[in-house]
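I would like the criteria behind each term stated along the way.

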Amino acid sequence: MSNMPLLTLITFLPALGAVIIMLFMKKEQTKAIKGFATAVVVLDFLISLPLWFSFDQSEAGFQFVEKVSWIPTIGVSYFVGIDGISVLLVLLTTLTMIVGVVCSFTAIEEREKEYYVCLLLLATGMLGTFIALDIFLFYVFFEITLVPMYFLIGVWGGPRKLYAAIKFFLYTLFGSVLMLLGILAYYFANFKMGTGTLTFDLVELYAVGPKIPLSLQIWIFLAFFIGFAIKVPMFPFHTWLPDAHVEAPTAGSVILAGILLKMGTYGFVRFALPLLPQASHVFVPFMVLLSIIGIIYGALVAMAQTDIKKLVAYSSVSHLGFVMLGIFALNEQGVLGGQLQMINHGISTGALFLLVGVVYERRHTRLISDYGGLSKVVPVFTVIFAITMLSSIGLPGLNGFVGEFLILIGAFKKSYVYAAFAVIGIVLGAAYMLWLFQRVFFGNLDNPENEKLTDCNAREVLYLLPLVILMFWIGLYPKPFLGRMEASVKKVVKMVNVAEAPQKAALGKMTKLEK
Amino acid sequence: MLEVVIPDIALSLALPEIGLAILVCAVLILDLFVSIENKSRVGVVAFVGVVILALVAFGQWGGGARTTFNDFYVVDNLSVFVKVCVLACTAISILLMLQYAKVEKINYGELYAMLLFSVFGMLVMASGNDLLTVYLGLETMSISIYVLVAFMRHDPLSREAGLKYFLMGAFASGILLYGMALTYGFCGTTSIRGIAEAFAGSGGAAIAQNPVMIFGLILLVAGFGFKLALAPFHMWLPDAYTGAPTPITGFMSVAVKFATVAALMRIFFVAFPAMAERWNTLLWVLTAFTMVWGNVAAIAQTSLKRMLAYSSIGHAGYVLMGVVVSMSIIDGKVTFSDIGISAVAFYLLAYLFTNLGAFGMLILVCREGYRGDNIEDWKGIGQAHPWAGMAFVVFLLSLGGIPPTAGFVGKLYLFAAAVQNEYYWLAAIGLVMSAVSMYYYGRIIMVLYMENRGETQEVMSLSSAPSLFFAMVVLVVGTLLLGIFPGSFLDAAKGTVAGFI
């Protein structure tokens, strides 16, 4: 690769854009600000494309690595890079940012300057989270994302925005401070039992994982668990999510569902599993239990919702339960499926929030009972919604199916009981989505206000289109996606199973003897 | 025949203090010749003098521990660090003061003189190598600050605050002195190293077990607890901080902590390692209690200044946590870790920029008859004054410990020290409380940006004084710099350990 610091460029370009808007643009020039913000995110997406094309699929380790010493006193470096686990998330982020910016043109009508500044800063925070290979750096980015999101919900949110904003902020902060405790414990455990140096360097710490005694691993795992599980959010830490989603502006919801939640699941794959292999095995039943409760509970609660956005929010709880189930199957198929499902969820739930935003902008209501028979007035909207809904359900041929299928294989390999419960979730998922679709789009056009509804305009179709294309692409030909992730996923699975390997070998011998 | 021995006194070691004494006299004399409208000039002279002295003090960095005045006085990296920071804090406080003093009609030369007197006390405390030196410094500092707190004579709140602080402070000094007296009774010396030797010598173990000595130690802890406003000795603080002129509040909250913590570390780490387990347990409880109390009580406040006062109680708890977690017992031997001491130093430095900045925001909006003290007054300021709003957000995030600010690195370093020496519970309490603290800091951000201004609300305008503007820029830059590139500052903080333990 050339020496260009590509990842740094991708990460900090939005922040640079934010600074330029802040310094050089007047708040009255809303058109210029929108145009400039769009240009920044589009450019950011374009320069992130080499990550897709130049990515070496056979390489399990980190690519596009950059490393500069940052705070040598405590062993912190600016160390970034991507592997199969993060490459698609980075690309998803840059893509989602375009969607997020473009979908806000008409939805946000006040304080545009600050709004786009917040969006761009948020982009930097999220990208940084996915590329950081130094735990300190990761934590810094992880925390930084809270601030712009807090503003997005709190300033441009719905009626209960203040409550939702502070709840989101405090809930996730509470989790991440405890995670910090875990990070520090690991940092010193490495100092005492591992390499003997004070370092936050992830690659060095990876080697230490199995050497740390199980009792300490369990404590650290709990700390990581609280931090990431709140972010995901796993049952029972999910209560902030519906509030945040419902009150956030459309772009905020899209980014929250599409990217921010993935920071939690990504955290498990990147940190919890490889750094704490033995503890991860210990926690499998517990994690699976919570995931399955999340899947079923999220689906049941979603079914009972009267607000479309809230329904989608609860469906996220259910979908992320699937992701977590896949990850904690701790085998290749499961983790791979979980990884793919993260991307799928980002695409389909993001699209669902966008669609909800589209009708909300026109009708200013999200109550299911206010709609009905929409398919007669807004055909294009209906078609896109139908595809998205089916992708979310997991219809074969669309993206959701591939991810869920892999997760189920992974879960089945672990225990057929896990898989059996997860399947209930899929059925329920189909139920609430189809029921929603039926109530909103079919039936009679009872409400006269809906008759005047206009269909999606060109801009809306334009930003939904890439998502729809991706749904088909991943659904019909997932190989480029799975191929990019496979090597790294295998590596993670190998790392997490390193502790079990001797046991399995011993078991194998025994069975041979019996024969 | 009586032999007179003239001790060899290295006066150069006390250069900052001597210079400061001269500066105070110069300020007092200058005050006589400056007309009442131009008293700010006195402040400017004080500012320039303090900056020069800070450079002088900085020149003493490195070179290990050097004692003078017959071992009453020590210059090491810790004392130099504290002195430079205290002087920097003073310089910024003077900048914050210049405009404020005019607005509040307290622009007298004594204001600056008293400020410098208190700084003199702090420098002596930082270098005190004897219980008596520390005590003298402490009293010089305290008495000057009692006066400063009550400086707004026309304001009953300020008078009440001064009186309250004076009564509680005098009481605390008494307790502290009693503790010192008991120590002297057992050890036969007031020298800090001498006390350590007495404990280490034959019979030292018996002294350490003596209930009266333990009582003396408790008195010392309580005395310092009062001065640092650790819960439950914090009752004076909210009133004193609220009533005092705002720049003085900011100055107190930072500089007093610096000096007191330096003296506390020197006394407990150097003189009392033999009783470390006892004072450590006491301080552990005080720290936990302080972090919880300060942060929880701050939530209920409606006055911004009072909220910041409670938050500074919480921060005193964090600083003290660094002191507590410095101690660890390795193979039955008490040791003090570098990382704990340097974490305290760095945290205080971060706190200097952050907290002065937060109080600076209050000064920025202060005008005649309007203090903008009610949190509700700040509604919509983020839109009306975007830069000021952003500066405030930076300070609040730093106080709450959110990256990329000084407060984050400071807290991280503190908690790292706690985890290293396995004070997991204390670290957990501290971390949870720092999440709690974001509730009330976040509420201010909410008021600034997310709530709309009422129709009838008085318009808030910002002072345009260049001195104030300059000070605020320095504080914002400092807060961000320490958060993004803390490297060299961390090294400096680490350097404080050299020659100390």
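This is a predicted model: local features need pLDDT of at least 70, side-chain atom pairs count only at pLDDT 80 or more; totals for chains, interfaces and linings use all residues.

Residues are numbered from 1 along each chain as its sequence is written, and chains are lettered from A, with ligands numbered from 1, in the order in which they are written.

Chain A contains 22 helices and 2 strands, where helices (H or I, at least four residues) and strands (E, at least two) are DSSP runs numbered from the N terminus. Its radius of gyration, taken over C-alpha atoms, is 22 Å, close to the 24 Å of the globule rule (2.2 Å times the number of residues to the power 0.38) for 515 residues, so chain A is as compact as a globular protein of that length.

Chain B has 20 helices and 4 strands. The radius of gyration of chain B is 22 Å, close to the 23 Å that the globule rule gives for 501 residues, so this chain too is as compact as a globular protein of its length. Buried residues account for 62% of the 501 residues in chain B. Helix 4 of chain B (residues 109-127) illustrates this burial: 18 of its 19 residues are buried, so the helix is largely enclosed by the rest of the structure.

The largest nonpolar core has 414 residues, and those with the most contacts inside it are A:Leu325, B:Leu116 and B:Ala259; such a core is a set of buried Ala, Val, Leu, Ile, Met, Phe, Trp, Tyr and Cys residues joined through C-beta atoms within 7 Å. Helix 14 of chain B (residues 338-364) supplies the largest share of this core, 20 residues.

Between the chains, 25 residues of chain B are in contact with 25 residues of chain A, contact meaning that the C-beta atoms, placed from the backbone, lie within 7 Å. Helix 18 of chain B gives the most to the side that touches chain A, with 11 residues.

In chain A, strand 1 (residues 63-71) and strand 2 (residues 76-82) pair in the antiparallel sense over 6 bridges, pairing requiring that DSSP find at least two bridges between the strands. These strands form a hairpin with 4 residues between them, and A:Gly75 in the turn has a positive phi of about 75°. A:Phe64, in strand 1 of chain A, has a positive phi of about 55° although it is not a glycine, and A:Phe64 is buried, with 23 other C-beta atoms within 10 Å.

Two cis peptide bonds complete the tour. One joins A:Val232 and A:Pro233, with omega about -10°, and A:Pro233 is found in the loop between helix 9 (214-231) and helix 10 (240-247) of chain A. Another joins B:Ala231 and B:Pro232, with omega about 5°, and B:Pro232 is found in the loop between helix 9 (211-228) and helix 10 (236-243) of chain B.

Terms used:
A residue is buried if 20 or more other C-beta atoms lie within 10 Å of its own, exposed if 12 or fewer, and partly exposed in between; C-beta atoms are placed from the backbone. Two residues are in contact if their C-beta atoms, placed from the backbone, lie within 7 Å.
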